[in-house]
Amino acid sequence: MVRSVVLGCGAYLPARVMTNHDLARIVDTSDEWILERSGISERHIAADGELTSDLAAAAGRDALAAAGLGPEAIDLVLVATATPDRTFPATAARVQAKLGITGGAAFDLQAVCTGFVYTVATADGLLRSGVARRALVIGAETFSRILDWTDRTTCVLFGDGAGAIVLEARPGEPAVGERGVIASYLRADGRLEDLLYVDGGPSSTGQVGHLRMAGREVFRHAVTNISEAVETVLRQTGLPADAIDWFVPHQANKRIIDATAKRLGIAPEKVITTVQVHGNTSAASVPLALAVGVADGRIRPGHLVLLEAMGGGFTWGATLLRW
Ligand code: UT7
């Protein structure tokens, strides 16, 4: 039996910062509105020519350094992204080349904002089935490239960034008392596509398209779906909510994070919230928050960490792991 243990974590945010005040010069909005409705103060925007694979490679390099590993140690690169460099090849293959990784497999996973949670579960499955031994798992996005910068209801909410972890196969069954991924729960409901989607793509319009969202509806579903995912993972493991050391939610909106934590009975001081400094970075948001929690010493080896996310599709899910 094998379980997947986290060896290190990394992050990258592009240098350019766009504040709410900057946005108020582009669309009819204000710092007060954005802050009150979403908790976001600023977001990072990739430079011209800076691609999702560049962000992903930077976060991946950071995670490898934290794990004390070189490129030869990795035999699986997974990138969760909805904003790939090209229609093909997979951004993961480009990241593999940029990092000098030459062994094993590389592919992208598309579950929009739930991408990182889906990808951790996928890597865990591949490690446990013996397909790979060490996986570099990345969430990376350049959502600035798919925003309609004239639509104030969406362009104020999103940003660019990347985060990554290294997972290693270790002997022993997944267990609540042991380090590693303990349980994952993944869901999708394709009937709700029209509430959050991009109005383009290679096989429909031949254009990249722009993000469209019915914000209020998504908000309502988010709290319900995230709560369902977290409750299911806790039920699977027999743990009460107060056993969790750190709740690391998808960073879309502070109001969603606060409402979900309250509904689940997770104390506010156990919630890692970073949405204020990078906005909604889709698949990158959970590992970006993880990297902050690790860097400032809150998340330490042996801690129980609960990840969750919800996004376009709809997709949603949660993963419980012991760091
Ligand atoms: O990762 C998963 C994907 N997304 C999410 O999780 C996002 C989920 N949704 C949300 O976070 C929130 O619904 C929003 C932040 C998008 C919006 O907050 P809300 O409290 O649901 O506001 P609303 O959409 O009900 O809009 C309230 C008002 C409207 O004006 P009226 O109709 O009341 O006159 C909007 O036109 O705010 C107006 N508005 C704005 N005003 C200033 C919408 N966007 C803006 C803006 N600045 N940027």
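Predicted model: local features only at pLDDT ≥ 70, side-chain atom pairs only at ≥ 80, totals over all residues.

Biologist: Which residues surround the ligand, and which are the closest?

Modeller: A residue is near a molecule if one of its heavy atoms lies within 4 Å of it. Here 22 residues surround the ligand, and the closest are T29, R152, R216, H250 and N253.

Biologist: How far from the ligand do the polar side-chain atoms of T29 and H250 lie?

Modeller: A polar contact is a pair of N or O atoms within 3.5 Å; within protein, one must be able to donate a hydrogen and the other to accept it, and residues adjacent in sequence count only if both atoms are side-chain atoms. A polar side-chain atom of T29 lies 2.7 Å from a nitrogen atom of the ligand, whereas for H250 the distance from such an atom to a ligand oxygen atom is 2.8 Å. The side chain of R37 has an N or O atom 2.9 Å from an oxygen atom of the ligand.

Biologist: Why does the ligand lie between domain 1 and domain 2?

Modeller: Domain bounds come from an automatic or database domain assignment. The ligand lies between domain 1 (2–171) and domain 2 (180–322) because both give residues to the shell around it.

Biologist: Where are the cis peptide bonds at P89 and F314 placed in the chain?

Modeller: Most residues other than glycine have a negative phi, and most peptide bonds are trans. Helices (H or I, at least four residues) and strands (E, at least two) are DSSP runs, numbered from the N terminus. The cis bond joining F88 and P89 has an omega of about 5°, and P89 is in the loop between β4 (76–80) and α4 (91–99). From G313 to F314 the peptide bond is also cis, with omega near -15°, and F314 is in the loop between β12 (304–311) and β13 (315–322).

Terms used: Residues numbered from 1 in each chain as written. Heavy atoms only, no water.
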